[in-house]
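Colleague: I am new to this structure, so please take me through it one question at a time.

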Amino acid sequence: MLFGATLALCLVGAIMVFSSSAVTAHDQYGSGYHFLIRQLFWLGLGLGAMMQVMHTDYRRLRRPEFIFPAVFVVLVMLVGVFFLDKSHATHRWFRLGGASLQPSELAKLAVIFYLAWLLELRRRPEGFGVNDWKRSILPAIAPVLVLVGLVVMEPDLGTAVEIFLIAVVMLFVAGLDWKYIAGTAVATIPIIYLLIARVPYRYERMLAFLDPTSDPQGRGFQLIQSLIAVGSGGFTGVGLMESKQKLFYLPEAHTDFIFAVLCEELGFIGGVTVLALFAFYAWRGMRAAYRAPDEFGRFLALGISVMVLSQFLINLGVVLGMLPTKGIPLPFISYGGSSLIVMLLATGVLLSVSQHAD
């Protein structure tokens, strides 16, 4: 069932990428199929990797000789992007010809595997427990903070927040004391404030979120166009391929704001269907976590489920104006190779865990 839900989301994604990008692709590249062909290529790679991983016993990945090299490689990649040319005023991608790789997407998986391995060790009867500051909390959070800090410097605050959120949820479920969670929340408030208030474009995004109509042709333009698209769909939508907002009104129509186009073309019914597929995915993921035969599998399934669900909710919140714009793609559906392949790899691991669940 989890496999079927994933395939359904990928199918919806391929259809909507073509629908939302065809006009833009024809205008920029002379072919309306440009983005669809690339998305199908990445989808094929991702599904192949997912099939391979789902038939691999996840317990073979709990070894330190896999965990530590994986974290180290991601760390080197996150440092390496700063030595490459900027793209869209950021250092986020490795580019080779027409292909690109975003290391911050891999950082999510690295954090999940590392914490799943560490938390299993600490929760064993002979372990130190989760609330030992020096031998559990510090080893757990220090590598996460390093990776988060590098992602923030790219800059990519949205992905950094998501990585940190995944780590906090995993630690909380593992039994981390409330005082540490409360202390972390208090400590992050001034940091988040500085990262927003002291960075002009983030401050503009916050103002647009609070009152998009104050500058409808400037900072509030994207959110207003997104809300127009969602509202225009009504109950049944205007019809597939019939969106008006994607015709150069809504920026990033085939990436971060693809859900707005989906709601415009497929209406409330299409939006609720996608929401139901993600809810079903999260339910099956949490079920696999609950029934996993060991702690490592339990935390792997939990982390992956939180990663997919949180990214969906953040993207949904941005499109509907409930959160400031963050540049977070919609899992399985938005155009983009790195996010799609990482999500399918993670789903392969989740499927592996679910096959061994009781």
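**A first tour of the chain**

Colleague: How does Met241 count: buried, exposed or partly exposed?

Modeller: Buried means under 20% relative accessible area, exposed over 50% and partly exposed in between, computed with a 1.4 Å probe on protein chains only. Since the relative accessibility of Met241 in this predicted model is 34%, the residue counts as partly exposed.

Colleague: What should I know about the kind of model and the numbering?

Modeller: Side-chain values use heavy atoms without hydrogens or water, and residues are numbered from 1 along each chain as its sequence is written. Local features need pLDDT of at least 70 and side-chain atom pairs count only at pLDDT 80 or more, whereas totals for chains, interfaces and linings use all residues, since this is a predicted model.

Colleague: How many helices and strands does the protein chain have?

Modeller: Helices (H or I, at least four residues) and strands (E, at least two) are DSSP runs numbered from the N terminus. Read from that end, the elements run α-α-α-β-β-α-α-α-α-α-α-α-α-α, and the totals are 12 helices and 2 strands.

Colleague: What radius of gyration does the protein chain have beside that of a compact globule?

Modeller: The C-alpha trace spans about 60 × 45 × 40 Å along its principal axes, and 49% of the 358 residues count as buried. The radius of gyration is taken over C-alpha atoms, and the globule rule is 2.2 Å times the number of residues to the power 0.38. For 358 residues a compact globule would have a value near 21 Å, so the chain agrees with it at 20 Å.

Colleague: Where does Met241 lie, and what is its phi?

Modeller: Met241 belongs to the loop between α9 (221–232) and α10. Its phi is positive although the residue is not a glycine, and the value is near 75°.

Colleague: Which loop holds Phe248, and is that residue buried or exposed?

Modeller: Phe248, like Met241 a residue other than glycine, has a positive phi of about 70°. It is found in the loop between α9 and α10, and with a relative accessible area of 53% it counts as exposed.

Colleague: At which residue does helix α1 bend?

Modeller: The bend at a residue is the angle between axes fitted to the seven residues ending there and the seven starting there. Just after α1 comes Gly30, with a positive phi of about 80°. Within the helix itself, which covers residues 2–29, the bend is about 55° and lies at Ser21.

Colleague: Which residue caps the N-terminal end of α7, and where is the kink in that helix?

Modeller: Helix α7 (residues 178–197) reaches 29 Å from its first C-alpha to its last over 20 residues, close to the expected 28 Å, the expectation being 1.5 Å times one less than the number of residues. A side-chain oxygen of the capping residue lies 2.9 Å from the backbone nitrogen of Lys179, and the kink of about 25° comes shortly before the proline Pro190. The cap is Asp177, and the kink lies at Thr188.

Colleague: What is the omega of the bond between Glu154 and Pro155?

Modeller: Pro155 lies in the loop between α5 (133–153) and α6 (157–174). The peptide bond that joins Glu154 to it is cis, with an omega of about 0°.

Colleague: How many residues apart in sequence are the parts that the pair of Phe35 and Tyr335 ties together?

Modeller: Rings of Phe, Tyr and Trp (its six-membered ring) pair if their centres lie within 6.5 Å; planes under 30 degrees apart count as stacked, over 60 as edge-to-face and the rest as tilted. The whole structure holds 16 aromatic pairs, and one of them joins Phe35 and Tyr335 edge-to-face, at 4.9 Å centre to centre and 80° between the planes. Because Phe35 sits in helix α2 (residues 34–54) and Tyr335 in the loop between α11 (295–319) and α12 (337–356), the parts tied together are apart in sequence by 300 residues.

Colleague: What is the relative accessible area of Tyr281?

Modeller: Tyr281 and Phe332 form a tilted pair, 5.7 Å centre to centre with 50° between the planes. This pair links helix α10 (residues 258–291) to the loop between α11 and α12, 51 residues apart. Phe332 is buried at 3% relative accessibility, and Tyr281 is buried with a relative accessible area of 1%.

Definitions and conventions: Polar contact = N/O pair within 3.5 Å; in protein donor to acceptor, adjacent residues only side chain to side chain.
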